[in-house]
Amino acid sequence: MYRFLLTPRWWGINVFAVVAIPLCLFMGSWQLSRFEDRVDTHQQQENRSARAKTAAARPLADLLPVDTATSGRQASARGHYDTAHQLLVPGRTLKDGHGGQQGFYVLNLLRTDSGKALPVVRGWLPGDAGTKADTARVPAPPKGEVTVTGALQASENQGTDGVQAGGGLPQGQLGMISAASLVNIVPYEVYDAWITLTDAQAPLHAVPPAAAEGSGLDLKAFQNLGYTGEWFVFAGFVVFMWFRLFRRDAEAAKDAALGIVPEGDGPAGGGAAGAGERGEPRAAGEDLPQREDKAGERGADRGESQGADQGDGQGEAARAGKA
């Protein structure tokens, strides 16, 4: 009864199911492992951030380049501020109590003894970076040689929150804190990193360090979790469709073995030819005796008609001869 499984059609269905189900399970497990890795990395980053707040600051050169292990660590650098190139970073909000209020960062470049400059976010102020009343409250940077200490951060990119990478900002404003965006503003080299001061000068508010890219429970992490569910649903759908097709063909094979002709599959003339008054399927050959009787009656009628025609013709010929 299950010989239909050996047909080319079912060979194709079986091969597809055998390949698709393990593939969907593998992809779902992989996406789940990606989400678990992000959760573990987020927890590790939280622990490092907590330790970094109490750990002693290390020289900037010892922590470069910035990666997930050094991001958020306390770094120190010595030099003097470039007061001619103070920049404001608009459209920024804090993730603490000031998170619901729009403001801007105050950024200055610290010229170090190595010749490179380190971008330093001295703090955050609420308001609009394009309004003179708000920018007038920005305190001037300290003069002379200073030592700064703050949380080390990697250069921002277009995917960082608050970044304005489209350009078109007024002079004195910066949309993205990175060496690539600063190289066209200042006439000296800039470190591919920046720090946010732990102790901000009043009325500035200290900017807390952000988690390293790819280490937090961001939208991408929850996308991995969503993809996990989708792949497992695809695997279940393939199994469901296989059993549905199998049951349909198995029932059709069983009906054919019992000689049951489905309605609409009989001879021309509609489903009524092979069905009773209620449209039920009728076993093949059930109405053959009735058809044979009707065929015999029609044959007898034709024979009698032909005999009568021949008799009439002979009578007419005899009468013609006598005449």
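Which residues of the largest nonpolar core touch the most other members? In this predicted model, local features need pLDDT of at least 70 and side-chain atom pairs count only at pLDDT 80 or more, while totals for chains, interfaces and linings use all residues. Residues are numbered from 1 along each chain as its sequence is written, and side-chain values use heavy atoms, with hydrogens and water left out.

**Nonpolar cores**

- A nonpolar core is a set of buried Ala, Val, Leu, Ile, Met, Phe, Trp, Tyr and Cys residues joined through side-chain atoms within 4.5 Å, where buried means under 20% relative accessible area, exposed over 50% and partly exposed in between (1.4 Å probe, protein chains only).
- The largest core has 17 residues, of which Tyr 105, Leu 107, Leu 109, Val 121 and Ile 177 touch the most other members.
- At least two residues of this core come from each of strand 3 (87–92), strand 4 (103–112) and strand 5 (117–126), strands being DSSP runs of E with at least two residues, numbered from the N terminus.
- A second, separate core of 16 residues has Val 66, Ala 77, Val 146 and Leu 197 among its members.

**Salt bridges**

- There are four salt bridges, each defined as a side-chain nitrogen of Lys or Arg within 4 Å of a carboxyl oxygen of Asp or Glu.
- Glu 145 and Arg 78 form one of them, at 3.5 Å from N to O; because Glu 145 lies in strand 6 and Arg 78 in strand 2, the pair ties together parts that are 67 residues apart in sequence.
- Arg 92 and Glu 156 form another, with their closest N and O atoms 2.9 Å apart, and both residues are buried.

Technical notes
Helices (H or I, at least four residues) and strands (E, at least two) are DSSP runs, numbered from the N terminus.
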